[in-house]
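Let's walk through this model together, starting with a ligand and moving out to the parts around it. Keep the 3D view open as you read.

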Amino acid sequence: MTASKNLIILYFPSPFPAYRPWSGVPLSLLAISRQLDQQGYTIKIFARHLQTNTLKSLLSSSSGAVCLGISVMTGYQILDGLKIARAFKKAFPHIPIVWGGWHPSILPLETIKNKYVDIIVKGQGDETFTRLVHRLQNKQSLKSLNGIVYKSHRQIVNNPDSQPVNLATLPPIPYHLIDLSRCIGNTEYGLRTIPYISSYGCPHRCGFCVEPIVNKNRWVATPATQVVQEWQNLVKNYQADSIAVIDSNFFVDESRVRSICQAIINRKLNIKWGNANGRVRQMSQFKKSTWSLMHRSGCSMILTGAESGSQAALDLVTKDINVDDIKKFTHLCKTYNIKILYSFLVGLPWSKDAGENNRFVQSEYRSTLSLISQLLKICRRNRYTYYLFLPYPGAPLFDRAVKLGLDYPHSLRGWSQYLMSPEDAFNTSVHQRWISSHDARLTAMLTQYIFGLMDQDTYPTLLSRITNPFLRPLFSLSFYIALSLVRIRWYFKYFGLPIDYYFFTLVHKHGGLI
Ligand code: B12
Ligand code: SF4
């Protein structure tokens, strides 16, 4: 095999353990490849779902590579990333391993201490990674390259941060670098949904969010015409019928939203778009004509952090909204037939005193469940997801949690075990400090089972994933039995003796449907 001096190897670690397969698009790696791909580099992207024997095929493809790049969020991805990095280092001790993504950007100086990390790209990597690759290839010094941390002669060098990228000047996301057929799935709003990102950053200040520390409240966006051109290409090249917009905050600029919608309508692009993240108060202030354009251009689902029905909790997370904003927004979305994917959280670091903290958690539950009941009366087709608050390093509430006694990991490997989502409450020995194990399970039950099944789109979406004609009626019967129990539980707000939920988790774990 001949080695290519223009070869870049990239790995996207699994966000979840093997029992919970993930088959999404590794957008971060595509984004950092966009310039290099145009410059003629050979870029090979690996992930558990993209190859059959990922490690073997990564190692057998890496000879002569300029570097290995790994992308990680806090949590399980680190564990998987370290596994690959260890094997890679053993096979290619002289090829640098570059880490990027949210976790290394938040904790660069801690992350670089790991022996399988040679260089870190802090923040957006679209341009910095290109510059880094050029320097590595030409054996140039990394001294003046902004946006990186690296090891040099056993010293750690922390260069100044880079400036936000100018998305208007960057090439489109090179989806052709991966086998997209392994990643395209169905959603509530499409049979072939492709994820896309049109902006980086968010100007708001929610206390649990890491956006303000990584992107420093700055927001940069791809211009409307470019966005719609790229969507049109996705329709043409991959027969996409829908786009999942994964921006942290898609709706920052109302005039850009209008232009995107207008361009979709003008070009007669027959697509749906959903998952787009926005804020209830800000969007409620949009002109009626903007809402109408959104509806007419195929906006099918908006994701928003409502966080809590308790005003005290909303204030603690500096959400800058009130409960009435949430209701107003629900009415608006109903009028324009747009589904809402609401995200709530519970278990905030309220007090050092365990009893007082527990009373606060119980009041959070009461207020949030009561709000959801009211929202369900306004519209029955929205979806409610409920997460456990987890203090992420860098977020303002992390500092509060530390002051109130949070014990947290101090190494890259340690962060790989950090409890991430309600479901993990079953599978981890890490205990949440601000919520009891019982309440962690209750939250998991509410989000996955109660709200999951009550969502009117869940049944058709899951059914369409079952191809075996014998399993389909069995699934339908089980679903309706479970749904009846869920409705009774919700009516009486009774979540004890969760035997039905236990069976549901078995299907969840082994069926791979949800
Ligand atoms: C899609 C998504 C997911 C997907 C897929 C994950 C993924 N990484 O693709 C899924 C559903 C799995 C997921 C899960 C979770 N997610 Co998530 N997710 C996102 C989301 C919305 C988009 C990610 C994305 O593709 N962005 C597009 C790319 C282009 O941007 P990017 O990832 O930032 O990459 C850029 C830079 O970071 C850098 N870069 C990234 N990787 C690399 C690698 C190299 C080598 C280099 C040089 C540079 C580089 O360059 C890229 C281009 O500029 C982000 C928010 C966001 N807007 O990014 C949250 C986000 C990453 N998720 C977050 C969280 C909290 C979670 C969950 C814990 C949520 C939950 N409660 O369950 C779980 C964690 C799962 C687990 N067990 O660990 C946080 C991360 C917090 C943290 N400390 O890591 C974010 C930032 C949301 C937020 N604002 O809080 N998530
Ligand atoms: S939670 Fe959403 S709105 Fe709040 S700062 Fe983060 S990205 Fe912005």
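## Around ligand 1

In this predicted model, the shell around ligand 1 is made up, by class, of 21 nonpolar, 15 polar and 3 charged residues. Of the 39 residues around ligand 1, those that come nearest are Gly 69, Ser 71, Gly 75, Gly 100 and Gly 125.

The domain assignment of the protein gives domain 1 as residues 7-158 and domain 2 as residues 169-410. If you take the C-alpha centres of domain 1 and domain 2, they lie 28 Å apart.

Across the boundary, 25 residues of domain 1 are in contact with 24 residues of domain 2. On the side of domain 1 that touches domain 2, the elements giving two or more residues are helix 1, strand 2 (42-47) and helix 4. Helix 1 provides the largest share of that side, with 8 residues. By class, the side of domain 1 that touches domain 2 has 11 nonpolar, 10 polar and 4 charged residues.

Next, look for an open sheet of 4 strands, with mixed pairing and the order 8-9-12-13. Its edge strands, each pairing on one side only, are strand 8 (185-187) and strand 13 (272-274). From one strand to the next, the twist averages 45°.

Within this sheet, strand 9 (residues 190-196) pairs with strand 12 (residues 242-245) in the parallel sense, over 4 bridges. Lying across strand 9 and strand 12 is helix 8 (residues 224-238), which runs at about 135° to strand 9.

## Around ligand 2

Which residues surround ligand 2? They are Cys 202, His 204, Arg 205, Cys 206, Cys 209, Glu 211, Ser 248, Asn 249, Arg 279 and Gly 305. By class, this shell has 3 nonpolar, 4 polar and 3 charged residues.

Definitions and conventions. Residues are numbered from 1 along each chain as its sequence is written. Chains are lettered from A and ligands numbered from 1 in the order in which they are written. This is a predicted model: local features need pLDDT of at least 70, side-chain atom pairs count only at pLDDT 80 or more; totals for chains, interfaces and linings use all residues. A residue is near a molecule or strand if its C-beta atom, placed from the backbone, lies within 6 Å of it. Ala, Val, Leu, Ile, Met, Phe, Trp, Tyr, Cys and Pro count as nonpolar, Asp, Glu, Lys and Arg as charged, and the others, Gly among them, as polar. Two strands pair if DSSP finds at least two bridges between them. Axes are lines fitted to C-alpha atoms, for helices over the stretch in contact, and angles run from 0 to 180 degrees between N-to-C directions. Two residues are in contact if their C-beta atoms, placed from the backbone, lie within 7 Å. Domain bounds come from an automatic or database domain assignment.
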